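Here is a briefing on one protein chain. Keep the sequence and the 3D view side by side as you read.

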Amino acid sequence: MALNATRTATKQKMALEGRAERGFALPFTIFMVTLITIMLAASFTRAASEHLVASSSNASLSALSIAESGLQAFFGDTFTVRPAETDSFRYNTVGGYAWVSPDIMQRPADTLQNFIYVVRSVGHVIEPSQGSVPVARRTIAQFARWQTGSMNVVGAFVAPNGVISRFAATPPPVFVLGNDVTGCPAGIAPPVWSFRVPDADSIGGVEVDTITATMTLEEQDDWPQTVALGTGVDWNQIVTGGFIADYGTIQYGDLTYPTQLIIGDATVNSVGYGLLMVTGDLTFSGGFAQWNGVILVGGKVDFNASSAFVYGTVISGLNEQFGVSPPASAIGGPGFATRIQYSSCSVDDALRSLTGFVPLPNARVDNWATY
């Protein structure tokens, strides 16, 4: 009887312990399932957030790219007149469009001087599957100045460094004419000086009439630097990189009248057009060489072609603005026939592309919207 009682007690004890273990396992299992569920939910949420961030980042980069494209398109546009202050321009591109607005930041007292603008470009990203409402937007800005492509033409051939007329026993024809060429659609412009030089000795001590009876010489006994500065050409800005030209080499036969800036010496031996800037010396050579437009030279110009023609205006010796005295330019001589004639049409054509907005260096902001 005692043994049976002991067995019964043992069974009861084991049953109680089993119930206790089952009572602990169930809450622990529920806790672990809940913990795993929370971890999985957090993982999914994090993945979704990272996907959203990545998608937003891509959309923001696309908006930045579109805004940049709109800004570049704006500066590449041809403006013949300065836009009104309320004007804005839309440029469509792949993936969206950009609104570009130029706003005046600095208005000079002299209306002929350059206006300073801030040009804002707002890029909008369009996702066709989500309708016409932009899914992202980004604003960038560029400070710029408005400039007008014009110059004060003071002579057909302006030479602060002087001009040498080379001797020839039987000189070929040499003409330097300040009268405007005929045939300009805008009409004939008032004449300018044929030559503009510091003094009479700047023509190599040769009497004017020995060069051509139709030439008019302006001689005011000025300093060479005064003549160079009187051209109104900002030569310092050009030679120090402040002017961005279309080409760094001479382009022949380009009727778009491009801008060409040559660092060092250059040679013209064919037919060219546009604004030609040479920081060194310029030489006309070969059998036939012609330029239509504006020629700006830091050093001297030697007309050494058998037939050299310029229709527009020529300025040599611009390095005189820095106090540097380049050698005198040379014209005439055995076998060198030359004709330099003022042409208002050619000058206008050469400077037309300079009218418009010019970005200021180191003045771009790609987070304008946060200001």
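In this predicted model, glutamine 260 touches residues from several stretches of the sequence, among them Ala245, Tyr247, Tyr273, Leu275, Met277 and Trp291; neighbours up to four places away are not counted. Glutamine 260 is part of strand 10, which covers residues 259-262. The notes below start there and then move to other parts of the chain.

**Glutamine 260 and its surroundings**

- Glutamine 260 has a relative accessible area of 0%, so it counts as buried, the cut-off being under 20%.
- Its contact list also includes Thr249, Ile250 and Gln251.
- Gly274 and Leu276 are touched as well.
- A polar atom of the glutamine 260 side chain lies 3.1 Å from the backbone oxygen of proline 258.

- Most residues other than glycine have a negative phi.
- Tyrosine 257 has a phi near 55°, a positive value, and is not a glycine.
- Tyrosine 257 sits in the loop between helix 3 (235-239) and strand 10.
- Is tyrosine 257 buried or exposed? Its relative accessibility is 13%, so it counts as buried.
- Asparagine 362 also has a positive phi, of about 55°, without being a glycine.
- Asparagine 362 belongs to strand 19 (residues 356-365).
- With a relative accessible area of 84%, asparagine 362 is exposed, because the cut-off for that class is over 50%.

**Strand 18 and its partners**

- Strand 18 spans residues 337-342 and is mostly covered. Of its 6 residues, 5 are buried.
- Leucine 177 has glutamine 341 of strand 18 as its bridge partner.
- Strand 16 (residues 307-315) also runs parallel to strand 18, with 6 bridges between them.
- Tyrosine 342 in strand 18 stands opposite glycine 312.
- In a regular strand, side chains alternate between the two faces of the sheet.

**Helix 4**

- Helix 4 covers residues 344-351 and is mostly covered, with 6 of its 8 residues buried.
- Which residues of helix 4 are buried? They are Ser344, Cys345, Ser346, Val347, Ala350 and Leu351.
- These buried residues of helix 4 pack against strand 12, strand 14, strand 16 and strand 18.

**The largest pocket**

- A probe the size of a water molecule, rolled over the atoms, shows where empty space is left.
- The largest pocket has a volume of about 1,400 Å³.
- Its lining holds 48 residues. Gln147, Thr148, Phe243, Leu354 and Val358 lie nearest the centre.
- Which element gives the largest share of the lining? Strand 19 does, with 4 residues.
- Elements that each supply at least two lining residues include helix 1 (2-76), strand 4 (136-147) and helix 3.
- Strand 12 (271-278), strand 14 (288-297) and strand 19 also each supply at least two.
- The lining of the largest pocket divides into 23 nonpolar, 19 polar and 6 charged residues.

**The chain as a whole**

- The protein chain has 4 helices and 19 strands.
- It has 371 residues, and 42% of them count as buried.
- Among contacts between residues at least 6 apart in sequence, 56% join residues at least 24 apart.

Terms used. Residues numbered from 1 in each chain as written. Predicted model: local features only at pLDDT ≥ 70, side-chain atom pairs only at ≥ 80, totals over all residues. Heavy atoms only, no water. Buried < 20%, exposed > 50% of the residue type's maximum accessible area, 1.4 Å probe, protein only. Polar contact = N/O pair within 3.5 Å; in protein donor to acceptor, adjacent residues only side chain to side chain. Contact = heavy atoms within 4.5 Å. Pairing = 2+ DSSP bridges. 1 Å grid on protein atoms, 1.4 Å probe; cavity = no way out; pocket = protein on both sides within 12 Å on 5 of 7 lines; lining within 4 Å. Points joined across faces, edges and corners; volume = space filled by probe spheres on them. Nonpolar A, V, L, I, M, F, W, Y, C, P; charged D, E, K, R; others polar.
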